[in-house]
Amino acid sequence: MPSQLDKAKTKLVIAEPFYATIILNLKPHLVTNANPMFGGQEVKTLATNGTDLVVNTDYFDALPLSRAITVLKHEALHVALMHPFRRGARTPTNWNKAGDYVINDILNKEGADIGKDWLLSSAFSNMSTEQVYAQLPPEPPGGGSGGSGG
């Protein structure tokens, strides 16, 4: 029986080859809630560094298929928009949040299945990640480790 990840990837290949091409070129790493670590980072959902795709299967398998597809598209857009490579000296958590606002705006306009708790604000519509980042409040000292999770 195909996994939720296999089903979501197959749907992307058939219906959305742009996203599929990116996702299929990332090296998959599966983690679970029991062992959520990848490279010293905890992954509760999904994350990418531009070359790897880390999937917490406990989280991913519990999603409806339409949301699972959106989550993969979200990670693909982090890569397509070069978020892991453009961060520079910016704080990781706020850079990831800024990227999430930009990506979720794009996906929302596409009619994707966006989660209610996802970072989405009309105030950031049509803005670049740098523009959104500049408007976010400063990250507290010792802020999170960042990453590019959804």
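In this predicted model, Lys9, Leu12, Val13 and Ala15 of helix 1 meet Pro17, Tyr19, Ala20, Ile23 and Leu24 of helix 2, where contact means heavy atoms within 4.5 Å and helices are DSSP runs (H or I, at least four residues) numbered from the N terminus. Elsewhere, a search of the whole structure finds five salt bridges, a salt bridge being a side-chain nitrogen of Lys or Arg within 4 Å of a carboxyl oxygen of Asp or Glu. Local features need pLDDT of at least 70 and side-chain atom pairs count only at pLDDT 80 or more, while totals for chains, interfaces and linings use all residues. Residues are numbered from 1 along each chain as its sequence is written, and side-chain values use heavy atoms, with hydrogens and water left out.

**Packing of helix 1 and helix 2**

- Helix 1 and helix 2 pack at an angle of about 135°, with their axes 6 Å apart; the axes are lines fitted to C-alpha atoms over the stretch in contact, and angles run from 0 to 180 degrees between N-to-C directions.
- That angle makes helix 1 oblique to helix 2, since angles under 35 degrees count as roughly parallel, over 145 as roughly antiparallel, 65 to 115 as roughly perpendicular and the rest as oblique.

- Glu16 and Lys73 join their side chains in a salt bridge (3.1 Å, N to O).
- Glu16 lies in the loop between helix 1 (4–15) and helix 2 (17–24) and Lys73 in helix 4 (residues 65–80), so this pair ties together parts that are 57 residues apart in sequence.
- Glu16 counts as partly exposed at 25% relative accessibility, whereas Lys73 counts as buried at 6% (buried means under 20% relative accessible area, exposed over 50%, and partly exposed in between, with a 1.4 Å probe and protein chains only).
- Glu16, Lys73 and Glu110 are linked in a network of salt bridges.
- A further salt bridge joins the side chains of Glu130 and Arg86 (2.5 Å, N to O), linking helix 7 (residues 129–135) with helix 5 (residues 83–86) across 44 residues.
- Glu130 is partly exposed at 28% relative accessibility, and Arg86 is partly exposed at 29%.

- Lys109 and Asp105 meet through their side chains in a salt bridge (3.1 Å, N to O).
- Because they are four residues apart in helix 6 (residues 92–110), Lys109 and Asp105 are separated by about one helical turn.
- Asp105 counts as buried, at 9% relative accessibility.

Conventions. Helices (H or I, at least four residues) and strands (E, at least two) are DSSP runs, numbered from the N terminus.
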